[in-house]
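Trainee: Please take me through this model step by step. I would like to start with the strands.

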Amino acid sequence: MSEPLLQVTDLEVYYGVIKALKGISFHVNPGEIVSLIGANGAGKTTTLHTITGLIHPRHGSIVYNGQDLTKVPAHKIVSLGLAHVPEGRRIFQNLSVYDNLLLGAYTQSDKAKINEQMEQVFDQFPRLKERRKQQAGTLSGGEQQMLAMGRALLSDPQMIVMDEPSMGLSPLLVSEIFEIIQSFRKAGKTVLLVEQNAKKAMTISDRVYVLETGSISAEGNAADLINDERIKKAYLGE
């Protein structure tokens, strides 16, 4: 068994006096899609923000590819091969699609490699190629999500963490976004996914962790948990 690519151990995060994460531990193996599911306010986004250096934990460790990230600044974490697709897309509305994508490559210096990756992103997202000169703010919600995903790919990551990629999208686009996430794995990427649409997330994941008010209340293979009566009732609306 290979070493986990990401190992989170006893992670505690506070907002003032409120304990948002209560000593959670989980891991992601190379090439896996792992989902964190749970109700709003369970600590899912806080977990991702702590992994990517936007929030500092009070206790615990985050080891990515053998390196502890807890003291590494957020901008350096990207250059270690860990990309973040944030909730709400966070694209630069006034810049062109092409310039938004280029910002994803700020950790790269090899122009030929950047151009090659740009072509790969355009192959994967033909709509972005068609609209590459268009202002990003004029794209539809689905196209903006694709742009956020394409921008993450430009940093040439080994692992992508994604926060609510299907939020606000039509059912048809949701299916397309999830197909794209699966294609990341086929391309050798590892994915940690936070997703409100628990059923959809579980159908494409290898393993799932359930977060409840800052603690992990269940974990296991997605195929097992999707048939768990308690999970069905609480998160799958069944």
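Trainee: Which residue in S5 is the bridge partner of Val63?
Mentor: Start with the strands, which are DSSP runs of E of at least two residues, numbered from the N terminus. Strand S4 (residues 59-64) and S5 pair in the antiparallel sense. Two bridges hold that pairing. In S5, Val63 has as its bridge partner Asp68.

Trainee: What kind of model is this?
Mentor: Residues are numbered from 1 along each chain as its sequence is written, and side-chain values use heavy atoms, without hydrogens and water. Local features need pLDDT of at least 70, side-chain atom pairs count only at pLDDT 80 or more, and totals for chains, interfaces and linings use all residues, since this is a predicted model.

Trainee: Does S3 pair with S9 in the parallel or the antiparallel sense?
Mentor: Look at strand S3 (residues 33-37) beside S9. Ser35 has Val208 as its bridge partner in S9. Four bridges join the two strands, and the sense is parallel.

Trainee: How many bridges join S9 to S10?
Mentor: Follow the chain into strand S10 (residues 215-221). Val208 stands opposite Gly220 in S10, and Tyr209 stands opposite Glu219. S9 and S10 run antiparallel, and the number of bridges is six.

Trainee: Which residue takes a positive phi in the hairpin of S9 and S10?
Mentor: Look at the turn of this hairpin. Two residues lie between the strands. The positive phi, near 40°, belongs to Thr213.

Trainee: How many residues of S9 are buried?
Mentor: Buried means under 20% relative accessible area, exposed over 50%, and partly exposed in between (1.4 Å probe, protein chains only). Tyr209 is a clear case, with a relative accessible area of 1%. S9 is mostly covered: of its six residues, the buried ones number five.

Trainee: Why does the pair of Phe26 and Tyr209 count as tilted?
Mentor: Rings of Phe, Tyr and Trp (its six-membered ring) pair if their centres lie within 6.5 Å; planes under 30 degrees apart are stacked, over 60 edge-to-face, the rest tilted. The model has one aromatic pair by this rule. The ring centres of Phe26 and Tyr209 are 5.4 Å apart and the planes stand at 55°, so the pair is tilted.

Trainee: How many residues apart are Phe26 and Tyr209?
Mentor: Phe26 belongs to strand S2 (residues 18-28). It is buried, with a relative accessible area of 2%. Tyr209 belongs to strand S9 (residues 207-212). The pair links distant parts of the chain, and the separation in residues is 183.

Trainee: Which residues of H1 are buried?
Mentor: Helices are DSSP runs of H or I of at least four residues. Helix H1 (residues 44-51) is mostly covered, with six of its eight residues buried. They are Lys44, Thr46, Thr47, Leu48, Thr50 and Ile51.

Trainee: Which residue with a positive phi follows H1?
Mentor: Step past the end of the helix. The phi there is near 85°. The residue is Gly53.

Key: Pairing = 2+ DSSP bridges.
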